[in-house]
Amino acid sequence: MTQKPSLTKAVIPAAGLGTRFLPATKATPKEMLPVVDKPAIQYVVEEAVSAGLSDVLMITGRNKRPLEDHFDRNYELEEALTRKGDGERLARVRESSDLATMHYVRQGAPRGLGHAVLCAAPHVGDEPFAVLLGDDLIDPRDPLLARMVEVRERFGGSVIALLEVDPSQVHLYGCAAVAPTGESDVVKVTDLVEKPERSDAPSNLAIIGRYVLDPAVFAILRETRPGRGGEIQLTDALQKLVQDERAGGPVHGVVFKGRRYDTGDRGDYLRAIVRLACERDDLGPDFRTWLRGYVSEEMEHLEQ
């Protein structure tokens with residue numbers, strides 16, 4: 001039996017306009033919005049690296065140059081910090097440029113997630129690869145991506161991350177119909193529907209922004225016509241893999257029950273910052289004390 005190649009490549013689509021965060025994203029990529037003191041995109045790259053994927057391709061678009069600058073060296077800033085003897089901040093500045101081998105390609109037009117993934121084909125070639133969406137931050141204490149890589153190595157094919165959501169929220173996600181396997185957190189996907197109405201959803205298992213994909217998906221994406229929203233949907237291509245395993249192996253799902261921070265929504269973005277700040281050793285104690293006082297004051301005002 002031919003040995004499956006181990007995963008080394010991660011693809012991060014980052015060409016979106018970030019319209020939900022206007023006007024902040026008029027001139028600043030949404031991926032560069034800070035979550036405490038790091039841009040959201042750095043958390044995603046760190047997650048890929050922690051799962052052993054050190055070759056990272058970012059799919060960018062117009063006005064996304066700050067993403068490249070963030071993961072590049074800034075010699076003037078480093079020199080200034082060196083002169084000041086500020087070793088701590090110097091290390092933090094260099095951290096992003098030393099994380100991974102970074103590559104970039106532009107998505108010429110916003111034609112959907114499926115098209116963005118297809119832009120990675122020349123770089124990925126015939127290797128399996130991971131796709132990480134920047135709106136979903138996964139807590140490093142819950143190694144979802146590493147688990148997905150493990151499932152891919154055992155079963156082949158593709159693996160998607162699934163999360164149980166309230167049935168009222170299924171229309172916001174791609175949803176999966178599944179069959180059990182011998183493991184509690186692993187299911188076999190039998191059907192996929194992109195953003196269904198509640199009455200049409202096959203389950204409340206929603207696809208979240210982590211995928212480990214067989215390279216066969218590229219051939220399918222090249223033939224996939226625009227679907228919901230007039231865009232080329234990755235879910236539609238995965239559905240074809242589900243229907244015909246000969247095209248690229250089975251599709252499995254890892255049901256995630258860990259900590260996920262959704263930074264694509266303004267309210268969830270703020271909640272993510274509060275949660276992560278509270279858990280920081282350097283910020284948490286003082287911040288939690290202030291937060292308790294603030295909440296107590298607000299409750300008193302509401303009761304008056």
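## Pockets

A pocket here is an open set of grid points with protein on both sides within 12 Å along at least five of seven lines. The model is a predicted one, and its second largest pocket has a volume of about 680 Å³. This second largest pocket is lined by 28 residues, and those nearest its centre are Asp 37, Lys 38, Gln 42, Tyr 43 and Glu 46. Two or more lining residues come from each of β3 (38–39), α1 (40–50), α2 (65–70), α4 (87–97) and β7 (136–138). By class, the lining of the second largest pocket holds 14 charged, 10 nonpolar and four polar residues.

The largest pocket has a volume of about 1500 Å³. Its lining is made up of 48 residues, with Arg 20, Lys 30, Leu 133, Asp 135 and Lys 195 lying nearest the centre of the pocket. The elements that each supply at least two residues to the lining of the largest pocket include helices α5 (113–118) and α9 (234–243), together with β8 (158–164), β11 (205–213) and β13 (260–262). Of the elements, β11 gives the most to this lining, with four residues. The lining of the largest pocket divides into 18 nonpolar, 15 polar and 15 charged residues.

## Salt bridges

Side chains of opposite charge can pair when their charged atoms come close. Over the whole structure, 28 salt bridges are found.

One of these is between Arg 89 and Asp 86, with an N to O distance of 2.9 Å. Asp 86 has a relative accessibility of 19%, and counts as buried because this is under 20%.

## A link between distant parts of the chain

Arg 259 and Asp 142 also form a salt bridge, in which the closest N and O atoms are 2.8 Å apart. This pair joins distant parts of the chain, 117 residues apart: Arg 259 belongs to the loop between β12 (251–255) and β13, and Asp 142 to the loop between β7 and α7 (144–155). The two partners fall into separate accessibility classes: Arg 259 is partly exposed at 34% relative accessibility, whereas Asp 142 is buried at 16%.

Asp 268 and Arg 271 meet in a salt bridge with an N to O distance of 2.7 Å. Both residues are in helix α10 (residues 266–278); they are three residues apart, and therefore about one helical turn separates them. Asp 268 is partly exposed, with a relative accessible area of 24%, and Arg 271 is partly exposed at 42% relative accessibility.

Elsewhere, salt bridges with shared partners connect Arg 147, Glu 150, Arg 154, Glu 183 and Asp 185 into one network.

Glu 31 lies in the loop between β1 (9–13) and β2 (34–35). The relative accessible area of Glu 31 is 7%, so this residue counts as buried, the limit being under 20%.

Leaving aside residues up to four places away in sequence, Glu 31 touches Ala 14, Ala 15, Gly 16, Pro 39, Ala 40, Ile 41, Lys 64 and Leu 67. Among these contacts, Pro 39 falls within β3 (38–39), Ala 40 and Ile 41 fall within α1 (40–50), and Leu 67 falls within α2 (65–70). The elements β3, α1 and α2 are among those that give two or more residues to the lining of the second largest pocket.

Methods. Residues are numbered from 1 along each chain as its sequence is written. This is a predicted model: local features need pLDDT of at least 70, side-chain atom pairs count only at pLDDT 80 or more; totals for chains, interfaces and linings use all residues. Side-chain values use heavy atoms; hydrogens and water are left out. On a 1 Å grid over the protein atoms alone, a cavity is a set of points where a 1.4 Å probe fits but cannot get out, and a pocket is an open set with protein on both sides within 12 Å along at least five of seven lines; lining residues have an atom within 4 Å of a point. Grid points are joined across faces, edges and corners, and a volume is the space filled by probe spheres set on the points. Ala, Val, Leu, Ile, Met, Phe, Trp, Tyr, Cys and Pro count as nonpolar, Asp, Glu, Lys and Arg as charged, and the others, Gly among them, as polar. A salt bridge is a side-chain nitrogen of Lys or Arg within 4 Å of a carboxyl oxygen of Asp or Glu. Buried means under 20% relative accessible area, exposed over 50%, partly exposed in between (1.4 Å probe, protein chains only). Contact means heavy atoms within 4.5 Å.
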